[in-house]
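Please walk through this model from its strands to its core and then to its charged pairs. The explanation follows that order.

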Amino acid sequence: MKLFRFLLMITLVFPPVTGTAQGVQLGFGQTQQNIGLPVEVTAESLSVNQTDGSAVFEGNVDISQGEMRMTADKVNVHYKEDSQGIDRLVATGNVLLVQGPDAAEADEAVYSIDSGSVVMSGNVTVAQAQTTITANQMILNLQDNTAKLTGQVKTVLRSE
């Protein structure tokens, strides 16, 4: 009976945070991202393709917009059909996204500028204070500082 009470107490105090289909919802960053701010990109090289309206930054790519910063090995920039602004950024290789005290790593990230969403996929690792979460995918909404992780979600909680 004591074991049952202990297990019940653990379940109530520390609800399960692992899952696959349903995912985990959490906050990301301390402030709302202003998606209307300019996007600044620096890299070792830039290739522009006027035919398809794209640009490729390579080598130590560093993207910043307000409080958000993303780094990667390579970033493809896709412009809107009317060529009046950026539609989305596709970052690949050693992707790191930092907003406030929170950081996330992944193999790839797609940042849709107008919606303020970032979809990170492949070996996603999120570090927040004393918590580390891994998953297959994270959908981050920069406007309201929320993230949803799905696919083999695993959480490690540290007390110190």
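Two strands are said to pair if DSSP finds at least two bridges between them. The model is a predicted one. In it, strand S3, residues 45-49, pairs with S4 in the antiparallel sense, and five bridges connect the two.

In soluble globular proteins, nonpolar side chains tend to be buried together. Here the largest nonpolar core has 30 residues, and those with the most contacts inside it are Met 70, Val 75, Tyr 111, Val 118, Met 120, Met 138 and Leu 149. Two or more residues of this core come from each of the strands S4 (54-65), S5 (68-79), S6 (86-99), S7 (102-112), S8 (117-128), S9 (131-141) and S10 (146-150). Strand S5 supplies the largest share, five residues.

The loop between S9 and S10 contains Asn 145. Is Asn 145 buried or exposed? Asn 145 counts as buried because its relative accessibility is 12%, and the cut-off for buried is under 20%.

The charged pairs come next. Side chains of opposite charge can pair when their charged atoms come close. How many salt bridges does the structure hold? There are three salt bridges.

One of them joins the side chains of Arg 69 and Asp 62, with an N to O distance of 2.3 Å. Arg 69 is partly exposed, at a relative accessible area of 44%, whereas Asp 62 has 19% and is therefore buried.

Another salt bridge is formed by Lys 80 and Asp 114, whose closest N and O atoms are 3.1 Å apart. This pair links distant parts of the chain, since Lys 80 sits in the loop between S5 and S6 while Asp 114 sits in the loop between S7 and S8, 34 residues apart. Lys 80 has a relative accessibility of 26%, so it counts as partly exposed.

Arg 88 and Asp 87 also form a salt bridge, with 3.0 Å between the closest N and O atoms. Arg 88 is partly exposed at 30% relative accessibility, and Asp 87 is partly exposed with a relative accessible area of 29%.

Methods:
Residues are numbered from 1 along each chain as its sequence is written. This is a predicted model: local features need pLDDT of at least 70, side-chain atom pairs count only at pLDDT 80 or more; totals for chains, interfaces and linings use all residues. Side-chain values use heavy atoms; hydrogens and water are left out. A nonpolar core is a set of buried Ala, Val, Leu, Ile, Met, Phe, Trp, Tyr and Cys residues joined through side-chain atoms within 4.5 Å. Buried means under 20% relative accessible area, exposed over 50%, partly exposed in between (1.4 Å probe, protein chains only). Helices (H or I, at least four residues) and strands (E, at least two) are DSSP runs, numbered from the N terminus. A salt bridge is a side-chain nitrogen of Lys or Arg within 4 Å of a carboxyl oxygen of Asp or Glu.
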